[in-house]
Amino acid sequence: MTGWYAFLAPAGIHRAVIARLNAEITGALDFPPVREKLLALGAEPWPTSPQQAQVFISAEVTRWGTLIKSARIRAE
């Protein structure tokens with residue numbers, strides 16, 4: 001298992017705003033001091049499009065939801 005982070009926004013945000021946020025975040029992740037700091041912390045910057053992020057997150061929810069249900073894991 002690996003951990004990951006994502007920037008998310010509420011439903012209904014205008015696509016132009018999402019595109020701008022994605023461009024700015026992608027730019028920040030490519031900025032050498034930011035990239036170097038993340039790599040030094042053991043994090044691998046992995047910028048994606050909003051569509052790619054949505055597909056990835058949906059797959060993760062399905063994968064881990066299935067595992068949790070089949071193993072009957074419950075929060076305590």
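**Notebook: patches, salt bridges, pocket**

I began with the surface, where Ile-13, Val-17 and Leu-21 make a nonpolar patch of about 230 Å². For such patches I took residues with over 30% relative accessible area and no salt bridge, joining like charges within 9 Å and nonpolar side chains (Val, Leu, Ile, Met, Phe, Trp, Tyr) within 5 Å. Accessible areas come from the Shrake-Rupley method with a 1.4 Å probe, and for residues only the protein chains shown count as cover.

The model is predicted, so local features need pLDDT of at least 70 and side-chain atom pairs count only at pLDDT 80 or more, while totals for chains, interfaces and linings use all residues. Residues are numbered from 1 along each chain as its sequence is written, and side-chain values use heavy atoms, with hydrogens and water left out.

**Entry: Val-17**

I placed Val-17 in helix H1. Helices here are DSSP runs of H or I with at least four residues, strands are runs of E with at least two, and both are numbered from the N terminus. Val-17 has a relative accessible area of 42% and is therefore partly exposed. The classes I use are buried (under 20% relative accessible area), exposed (over 50%) and partly exposed (in between), with a 1.4 Å probe and protein chains only.

**Entry: salt bridges**

I searched the whole structure for salt bridges and found two. The criterion is a side-chain nitrogen of Lys or Arg within 4 Å of a carboxyl oxygen of Asp or Glu.

One joins the side chains of Arg-20 and Glu-24, at 3.0 Å from N to O. Both residues are in helix H1 (residues 15–30), and because they are four residues apart, about one helical turn separates them. I looked up their exposure as well: Arg-20 is exposed at 55% relative accessibility, and Glu-24 is partly exposed at 45%.

The other joins Glu-60 and Arg-63, with 3.7 Å from N to O. This pair lies in helix H3, three residues apart, about one turn of the helix. Glu-60 has a relative accessible area of 12%, so I list Glu-60 as buried. Arg-63 is partly exposed, at 46%.

I then asked which residues Glu-60 touches, not counting those up to four places away in sequence. They are Trp-4 and Gly-65. Contact is counted for heavy atoms within 4.5 Å.

**Entry: the largest pocket**

I noted about 1,300 Å³ of space in the largest pocket. Its lining has 35 residues, and those nearest the centre are Tyr-5, Ala-6, Phe-7, Thr-48 and Ala-53. H1 and H3 are the elements that give two or more residues to this lining. H1 gives the most, with eight residues.

For the method, a 1 Å grid is laid over the protein atoms alone; a pocket is an open set of points with protein on both sides within 12 Å along at least five of seven lines, and lining residues have an atom within 4 Å of a point. Grid points are joined across faces, edges and corners, and the volume is the space filled by probe spheres set on the points.

**Entry: the loop between H2 and H3**

I checked Thr-48 next, in the loop between helix H2 (32–40) and helix H3 (50–70). Is Thr-48 buried or exposed? Thr-48 is buried, because the relative accessible area is 18%. Leaving aside neighbours within four places in sequence, I found Thr-48 in contact with Asn-22 and Ala-53.

Trp-46 is in the loop between H2 and H3 too, and at 57% relative accessible area Trp-46 is exposed. I took the C-alpha to C-alpha distance from Trp-46 to Leu-29: 8.1 Å in space, for 17 residues in sequence.

Gly-42 also lies in the loop between H2 and H3. Gly-42 counts as exposed, at 66% relative accessibility.

**Entry: Arg-72**

I looked at the segment after H3 and noted Arg-72 there. Phi of Arg-72 is near 55°, a positive value in a residue other than glycine. Most residues other than glycine have a negative phi. Arg-72 is exposed, with a relative accessible area of 71%.

Technical notes:
1 Å grid on protein atoms, 1.4 Å probe; cavity = no way out; pocket = protein on both sides within 12 Å on 5 of 7 lines; lining within 4 Å.
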